[in-house]
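My entries are kept in the order in which I made them.

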Amino acid sequence: MSLIKFVTSKTFLKQVILAIIGVFVLCFLLLKWLNVSTNHNEFETVPNLTGKSVEVAKIELNNNHLAMEIQDSSNFNPDYPKFAVIDQDPKAGKKVKENRKIYLTLNPSGYRKVNVPDLVGKTFRQAKPTLEALGFRVGETSYVDYLGKDEVVKVTFEGSEIKIGDKLPKTSKIDLVLGNGNRPE
């Protein structure tokens with residue numbers, strides 16, 4: 001039997017037609033299965049969780065068939081309560097699939113602690129920007145008899161002297177004792 005007779009025979013044509021029909025049926029069934037298994041055109045709306053506690057956020061996400069994933073806390077924000085949600089991804093109002101993870105950034109319990117730099121012997125003009133760059137605030141300045149005018153003699157926090165390397169919460173008010181330029185007696 002020659003190749004041309006075999007390709008034009010009824011048996012071969014039946015097999016090709018059955019194969020084409022089989023591929024179409026298989027593709028149709030696969031697409032239907034994908035529609036069902038991926039919940040095609042079924043979305044959940046992401047709720048607004050900003051400012052809410054972790055417990056409330058978890059309840060709201062469970063009610064919307066969404067999962068919660070907590071990311072590292074960011075810098076402390078005094079506008080929000082401790083351990084409240086300050087950011088979320090995806091944002092509120094977005095449409096997502098069921099069981100999607102919503103990434104939450106929480107407000108830490110307070111400002112992080114920062115090492116106090118060595119300011120003794122520096123001028124007030126040097127000390128002030130150094131403290132502000134680290135996130136501290138300059139509190140009260142007082143003067144004592146000391147030969148160096150406006151030179152930092154002592155650094156205090158809430159009435160007690162601070163040593164080099166002590167850690168204080170960011171945004172703490174640090175008081176400076178400066179020299180007045182007079183010779184001590």
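**Basis.** I worked from a predicted model, in which local features need pLDDT of at least 70 and side-chain atom pairs count only at pLDDT 80 or more, while totals for chains, interfaces and linings use all residues. Residues are numbered from 1 along each chain as its sequence is written, and side-chain values use heavy atoms, with hydrogens and water left out.

**Sheet.** I looked up the strand order and found an open sheet of 3 strands, β2-β5-β3, with mixed pairing. The edges are held by β2 (67-71) and β3 (85-89); each has a single partner strand, so one side of each is left without a neighbour in the sheet. On average, neighbouring strands here are turned by 30 degrees against each other, direction ignored. For these entries I took strands (E, at least two residues) and helices (H or I, at least four) as DSSP runs, numbered from the N terminus. Two strands count as paired if DSSP finds at least two bridges between them.

**Pairing of β2.** I noted that β2 runs parallel to β5 (residues 101-106), with 5 bridges between them. The bridge partner of M68 in β5 is I102.

**Helix on the sheet.** Helix α3 (residues 54-63) packs on the sheet and touches β2, β3 and β5; contact means heavy atoms within 4.5 Å. The direction of α3 makes about 150 degrees with that of β2. Axes are lines fitted to C-alpha atoms, for helices over the stretch in contact, and angles run from 0 to 180 degrees between N-to-C directions.

**Salt bridges.** I counted 4 salt bridges, each being a side-chain nitrogen of Lys or Arg within 4 Å of a carboxyl oxygen of Asp or Glu. One of them joins E69 and K101, with the closest N and O atoms 3.8 Å apart. E69 lies in strand β2 and K101 in strand β5, so this pair ties together parts that are 32 residues apart in sequence.

I also recorded K91 with D87, at 2.7 Å between the closest N and O atoms. A further pair is K128 and E132, at 4.0 Å from N to O. Both K128 and E132 lie in helix α4 (residues 124-133), 4 residues apart, about one turn of the helix.
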